[in-house]
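Subject: Structure for you to look at

Hello,

Here is the structure I said I would pass on. Please open it first, then read the notes below.

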Protein chains: 2
Amino acid sequence: MFRAKRRGKGPRDAAAIYSATVDLLVLNGYEGLTIEGVAAHSKVNKTTIYRWWPSKDALLAATLEQSHILELTVADTGSLRGDLIGVVDQVVRMLTIEPGGRIARAALGGLDRPGLSFFVRMFCEKRAKQEAPIFERAKQRGELAEDVDPTMVVDLLAGAIWFRLLVRQAPMPDGYTEAIVDAVLTGLRQSS
Amino acid sequence: MFRAKRRGKGPRDAAAIYSATVDLLVLNGYEGLTIEGVAAHSKVNKTTIYRWWPSKDALLAATLEQSHILELTVADTGSLRGDLIGVVDQVVRMLTIEPGGRIARAALGGLDRPGLSFFVRMFCEKRAKQEAPIFERAKQRGELAEDVDPTMVVDLLAGAIWFRLLVRQAPMPDGYTEAIVDAVLTGLRQSS
């Protein structure tokens, strides 16, 4: 039933197919995305697409995987605060500049579906590996205790942005990135 | 085309319809939820359901609105830390005890759709009003500076839980609620 996987990462027309997938996702959302639609929009035969990706979730996961939209640059700014602000700002840009926001909502919409939820989990693990040096450097500098769990810091900061922009659908005030980073690093409680 | 709205909040069989909606959502997820399915499961005529809720999103929003699953109890524990732990623990329970988790994923899946995203926004605003006394009391006690924005605190704490459980799909270590509340209140940075 399964064809043997070819060499390379997709059919010759992969770029056109990925691009059509993003276009249609932005236009119609997750529920409006169909392989038939991608075939028509990319002018690639439907059976070619199905030969590589058996479902729309598989196609969407592959599209996100190769997309630059979800890429992260981790720079060494010399301080934990600066490094974290750099990462959080990229999360904000990813979710506010289209097609990133639409793609993120589509991925959230697929959390009920094994194929897509697996992709989202893998995506987060990959990012956690990219972000790891930030925390290693901070611990070497003595800015962070050895026992601080980096995943908790990412949950707090990335979670705040996702929750505010996607769930609460509230605007981002100026200086919000700096405010949440400072809250997590120095705390909100007044020392009285 | 539109019937005048009747008195009351739904048809006589509303409870059965809501209950069938939650059942089918847990069983089949958002995409598998249909008004036809709810009609069959609740044994209420399809046209009766459509008369009250013109779409599955409208029905789902009404179901969530009246559901106890999403209720929040805000107790005065005497300290900001205790009050926040109480609220965060309820978010954890909501997202980990079914049908809460499935409902939350269904709501996230509908963020692309005006009807459901409007409901999610209203739900968050309602909760923010319920949580407001926590921050007012903390400011009166001198635990929190006057200019701290409560929505940021909720973004950080609720965001961390949503992000960890739904997006990253990672387990919750013991003491996680306390750890994120303490991080936000006292900060993670080592004073060196």
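Chain B and chain A bury about 4,700 Å² between them, and 58% of that area is on carbon and sulfur atoms. Please keep in mind that this is a predicted model. The contact between the two chains draws on 48 residues from chain B and 50 residues from chain A.

The interface between the chains

There are 4 salt bridges between chain B and chain A. One to look up is the pair D155(A) and R164(B), whose closest N and O atoms are 2.7 Å apart. Polar contacts were counted as well, and 18 residue pairs across the interface of chain B and chain A qualify, both residues being at pLDDT 80 or more.

On the side of chain B that touches chain A, the elements that give two or more residues are α1 (14–32), α6 (100–109), α7 (114–140), α8 (150–167) and α9 (176–186) of chain B. The most comes from α8(B), which gives 15 residues to that side. Sorted by class, the residues of the side of chain B that touches chain A are 26 nonpolar, 10 polar and 12 charged.

Two residues at this interface

R164(A) sits in helix α8 of chain A. Is R164(A) buried or exposed? R164(A) counts as buried because its relative accessibility is 6%, and the cut-off for buried is under 20%. With its neighbours within four places in sequence left aside, R164(A) is in contact with residues of chain A, namely Q169(A), A170(A), P171(A), M172(A), P173(A) and Y176(A), and also with T151(B), M152(B) and D155(B).

G109(B) belongs to helix α6 of chain B. G109(B) has a relative accessibility of 17% and therefore counts as buried. Once its neighbours within four places in sequence are set aside, G109(B) is in contact with L108(A) and G109(A). To place G109(B) against another glycine of chain B, take G142(B): the two are 33 residues apart in sequence, and their C-alpha atoms are 40 Å apart in space.

The two domains of chain A

The contact between them takes 12 residues from domain 1 of chain A and 9 residues from domain 2 of chain A.

About 1,100 Å² is buried between domain 1 and domain 2 of chain A, with carbon and sulfur atoms giving 73% of it. Which residues in domain 1 of chain A lose the most area to domain 2 of chain A? They are V26(A), Y30(A) and L64(A), and together they account for 46% of what that side buries.

Across the interface of these two domains there is 1 salt bridge. The side chains of E65(A) and K126(A) meet in a salt bridge, at 3.8 Å from N to O. The count of polar contacts between domain 1 and domain 2 of chain A is 1 residue pair, both residues at pLDDT 80 or more.

On the side of domain 1 of chain A that touches domain 2 of chain A, α1 (14–32) and α4 (56–66) of chain A each supply at least two residues. The largest share of that side is from α1(A), with 7 residues. By class, the side of domain 1 of chain A that touches domain 2 of chain A has 8 nonpolar, 2 polar and 2 charged residues.

Two backbone angles to check

Most residues other than glycine have a negative phi.

Q169(A) has a phi near 55°, which is positive in a residue other than glycine. Q169(A) is found in the loop between α8 (150–167) and α9 (176–186) of chain A. With a relative accessible area of 25%, Q169(A) is partly exposed. Q169(A) is also among the residues in contact with R164(A).

K43(B) has a phi near 60°, again a positive value in a residue other than glycine. The loop that holds K43(B) runs between α2 (35–42) and α3 (46–52) of chain B. K43(B) is exposed, its relative accessible area being 75%.

Regards

Methods: Residues are numbered from 1 along each chain as its sequence is written. Chains are lettered from A and ligands numbered from 1 in the order in which they are written. This is a predicted model: local features need pLDDT of at least 70, side-chain atom pairs count only at pLDDT 80 or more; totals for chains, interfaces and linings use all residues. Side-chain values use heavy atoms; hydrogens and water are left out. Contact means heavy atoms within 4.5 Å. Buried area is the accessible area (1.4 Å probe) that two parts lose on being put together, summed over both. A polar contact is a pair of N or O atoms within 3.5 Å; within protein, one must be able to donate a hydrogen and the other to accept it, and residues adjacent in sequence count only if both atoms are side-chain atoms. Helices (H or I, at least four residues) and strands (E, at least two) are DSSP runs, numbered from the N terminus. Ala, Val, Leu, Ile, Met, Phe, Trp, Tyr, Cys and Pro count as nonpolar, Asp, Glu, Lys and Arg as charged, and the others, Gly among them, as polar. Buried means under 20% relative accessible area, exposed over 50%, partly exposed in between (1.4 Å probe, protein chains only).
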